[in-house]
Amino acid sequence: MGRKLGHAASRYGHVIFPTNAHKPVLDCTRHLLSGPGQGWAKRVFYSDNGSTAIEVALKMAFRKYLSDAAARMGKSFFKFEVEGEEAFGEIKVVTQRGAYHGDTLACMNATEKSVFNGWAQFPWNKEACVVVEPAYLQQKDGAWVVKLPHPSDEELNYGNKMPCSLSAFFDDCKQVLLRRDAEALEVLYWDAIDMALGPHKSLGALLIEPVCQGAGGMKFIDPLWQRTLIRYCREVKQIPVIFDEIFVGLYRCGAESVRDLLGVDPDIACYGKLLTGGQVPLGVTLATEEIFECFLDNNQDGKGKQRALLHGHSYTAYPLGCSAANFAFEKYNALLKRECGKAKWKANYNSTSSGKLVHCFDRYWDEGSVRQISQYGSVESAVALGTVLSVELAVAAGEAAGYTNTAGTERLIRSLARKGVYCRPLGNVLYFMCSPFTSKEECDGLLEKLHEVMNLT
């Protein structure tokens, strides 16, 4: 990676990206469209980090929503713009409770008030979202539990009714889904989502972290719930869907894109973090051709450039960032895609065999060992997917779980540090996050040390 960046620094001077191109950005675009965007994305917009990639995605989604809404009214969006605000009112985003999408203003506005974006953090923040409460997956006392959303607020404890593997929740095979009464559960989810979103007008986009909420507490969401939410937003609200894959994408959860786990394509998706192997900042927003076409003027009013997506950064698609991404993709493709390439992945996804999606669920963290962690009295839930291991500690009666409750995790962190393991908590959640290239032997060693300190607390 260092040699690649050194070569790019000596080969390419930095120039502003409009009207200019270079080989690293062309190669990076090919990697993105043939990788996480394969089969759905046609366009890539480059920015400088994950938060700005989300800002771009929101601009794209709102334009698509308004263009479609104007068309349903028999009007052109470009001629509708003057009266648009009066006709539509305040446009809001559908988002998940506990979501986090970045620290720039639109990203904060797109989530409910929290410790990250409340008045004390930024008084200009204005909550412009409608929140839906997800159904969460937990592993407690060695059994899988689904925490149902409001108004049910119940827990479905599957005990021995399902296979021990988390993979059963992601398998789209009816035989497996029916074991957990998926058809009835989908109706329950649909009704809860409709109760939350049905009364609201002017919803401009659905913005979700697919499968796992990162900074919101490393919480894993029932994929059936997210599929139902996406279907509702597309069929009932007719709004575009944004996947925030900045944290979860590019093998963080074991798959190149988490859409491979959900089995649903987005309209827009954002990537960062592992995009450059963590060496330099870079953000990208992938979109369908239909999204792109919403920004074409088509000579309808002669305003041309005013109708384009006027968003850019001094370091948009800079050669060093694109070169780092190209190196990362080359390594991912050589070492990981060889094991779970698209054709094999799709075959596994639709398979009824017991080996389905195997590299997501046991390539790094041993499922049996994680199950044992879930059985400690101090543990509320222990879940591992891909490179992520999340251990949620139980909190004392009367205390609130969350980002500010670190009493239990701080003790564990100090004990782990004495064993040479350094990590940080998200409140009462302790998480490990290895590299996509970490060996299972290394993860086994980390789990062994975690067991040692858990036995002492």
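Author: Helices (H or I, at least four residues) and strands (E, at least two) are DSSP runs, numbered from the N terminus. The model is predicted, so local features need pLDDT of at least 70 and side-chain atom pairs count only at pLDDT 80 or more, while totals for chains, interfaces and linings use all residues. Residues are numbered from 1 along each chain as its sequence is written, and side-chain values use heavy atoms, with hydrogens and water left out.

The structure holds 13 salt bridges, each a side-chain nitrogen of Lys or Arg within 4 Å of a carboxyl oxygen of Asp or Glu. One of them joins Asp 68 and Lys 64, at 3.4 Å from N to O. Because these two are 4 residues apart in helix α3 (residues 50-72), about one helical turn separates them. Lys 64 is buried at 18% relative accessible area, whereas Asp 68 is partly exposed at 24%; buried means under 20%, exposed over 50%, and partly exposed in between (1.4 Å probe, protein chains only).

Lys 140 and Glu 380 form another salt bridge, with their closest N and O atoms 3.1 Å apart. This pair links distant parts of the chain, 240 residues apart: Lys 140 lies in strand β4 (residues 136-140) and Glu 380 in strand β13 (residues 379-385). Lys 140 is buried, at 17%, and Glu 380 is partly exposed, at 23%.

Arg 234 pairs with Asp 267 in a salt bridge at 3.3 Å between the closest N and O atoms. Arg 234 is in helix α8 (residues 223-237) and Asp 267 in the loop between α9 (259-262) and β11 (268-271), 33 residues apart. Here Asp 267 is buried, at 19%, and Arg 234 is partly exposed, at 30%. Salt bridges that share partners also join Lys 23, Asp 27 and Arg 30 into one network.
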